[in-house]
Every structure is written in C-alpha cells, then in structure tokens.
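Let's take a friendly walk through a protein structure. Keep the picture beside you as you read.

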Amino acid sequence: MTTLKVHNIETAPKESKALLEKSQKAYGMIPGLHGVLAGAPKILEAYQTLHELFTQTSFNEEELTVVWQTINVEHECHYCVPAHTGIANMMKVDNDITEALRNKTPLEDAKLEALRTMALTIVKNRGHVTQDDLNAFYAAGYGEQHVLEIILGLSQKVISNYTNHIANTPVDVPFQQFSWKAETV
C-alpha cells in the first residue's frame, strides 16, 4: 500500500510536468519514484540533478553501482535495490558484483571492496570516519575526490531511499524480477 501519491504527467503539479517528461524521455517510462517525487517539484528536480551529477563523477559503472547498491542495501530500500540491479545489468556490471552487494558479502576485487567499505562506513557512521578508514581507502587507489563523490551519491540515495520508505513506492514492472527484501535479524 502506498502512502504517498504516485503522479503521472496529467496528475502532477504544473512545475513537475516537464521533469516527468524528461524522465519519460530518458527511461522510456516514468519510474514510480519520480512519480512520487513529482508531488514536490523541487525534490524531483534535486533528485534528477544529483543523479546526473553523480553519473558524471570519476567513478566508472562498476563503482557507481557499488556506491548506489551499498547505500540502498544498508538503507533497506525495497524499491532501489531491484531498480539498481536492473540498471547494473543494463550497464553490463558483472552479476557477481551485483549479487555480492545485494547479499552484503565482500567483493572479490580489493579496490571495489575498499569502495564498498568506505561507502558503508560513511553511511553507518553518519560521515564520521577515522584517519585509518581514509588511509585504507587511499591505499586501495582512491583519493579525497572519491570520498566527496561518495557523499554526492549518498545525497541522491537519501532522497530516493527515504522517499521510498515513506511512500512504499511500488517496484516498477521492469525491475520486479529483481525483487529484494532486507534480511530480518
């Protein structure tokens, strides 16, 4: 049951209509998340802008996926984990990476694992990282720019993950095959 309205171009506030048309053009559909965000035009604009900016960082497609999915899984987002599984498949990211991220298991590639660890540390500790955390990340081949770029990705994911929790956004049909549920302890 959704708790926030999922808008389409006809029902969206006037200021969101062009933004939803942009989503339609980019994805061939209006993702449910975008439909929910359309209820407040500036948050939809912010989300689209952050997404665009994050995809333009120095991270490659595998690294983008590691940051997105690490955060999605940690935030237990029922919508974003399947969506980013499908997106990773479209980006030709190795399925072993995607499955490890979905299952919270370490990645085989040491550099990607260092990225996953840093993203997870930033999320779990609300940005409080130690010099040892940074040194380990830098030793894996990343730098200060990458720390800041993780924060950019986190900013995007806070908007989507938190909105999906509140809205209980239905998973879009193309991504339902990748459904995911957080482990209960």
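## Charged pairs

A salt bridge is a side-chain nitrogen of Lys or Arg within 4 Å of a carboxyl oxygen of Asp or Glu. Keep in mind that the structure here is a predicted model. Glu45 and Lys42 give us an example of such a bridge, with their side chains meeting at 3.0 Å, N to O. Both belong to helix α3, and because they are three residues apart there, about one helical turn separates them. How open are these two partners? Glu45 is partly exposed at 35% relative accessibility, while Lys42 is exposed, with a relative accessible area of 64%.

The whole structure holds five salt bridges, so let's visit a couple of others, remembering that side chains of opposite charge can pair when their charged atoms come close.

## Across the chain and along a helix

Lys22 and Glu52 also meet through their side chains in a salt bridge, at 3.3 Å from N to O. This pair joins distant parts of the chain: Lys22 sits in helix α1 (residues 14-27) and Glu52 in helix α3 (residues 41-55), 30 residues apart. Lys22 is partly exposed, with a relative accessible area of 41%, and Glu52 is partly exposed too, at 39%.

Now find Glu99 and Arg102, whose closest N and O atoms are 3.7 Å apart in another salt bridge. They are three residues apart in helix α6, which means about one helical turn lies between them. Is Arg102 buried or exposed? Arg102 is buried, with a relative accessible area of 11%, because buried means under 20%.

## A negative patch

Helix α6 (residues 95-102) also contains Asp96. With 56% relative accessibility, Asp96 counts as exposed, since the cut-off for exposed is over 50%. Asp96 belongs to a surface patch of negative charge, where it gathers with Glu61, Glu62, Asp94, Glu108 and Asp109.

Let's finish on the inside. In soluble globular proteins, nonpolar side chains tend to be buried together. The largest nonpolar core of this model has 26 residues, and the ones that touch the most other members are Phe59, Leu115 and Ile150. Helices α4 (61-74), α6, α7 (110-124), α8 (131-139) and α9 (144-167) each supply at least two residues of this core. Which helix gives the most to this core? The answer is α7, with six residues.

Key:
Residues numbered from 1 in each chain as written. Predicted model: local features only at pLDDT ≥ 70, side-chain atom pairs only at ≥ 80, totals over all residues. Heavy atoms only, no water. Patch = residues over 30% accessible without salt bridge, like charges linked within 9 Å, V, L, I, M, F, W, Y side chains within 5 Å. Areas by Shrake-Rupley, 256 points an atom, 1.4 Å probe, with all protein chains shown as cover. Lys, Arg positive; Asp, Glu negative; His and termini not counted. Charge placed at Lys NZ, Arg CZ, Asp CG, Glu CD. Helix = DSSP H or I, 4+ residues; strand = E, 2+ residues; numbered from the N terminus. Buried < 20%, exposed > 50% of the residue type's maximum accessible area, 1.4 Å probe, protein only. Core = buried A, V, L, I, M, F, W, Y, C linked by side-chain atoms within 4.5 Å.
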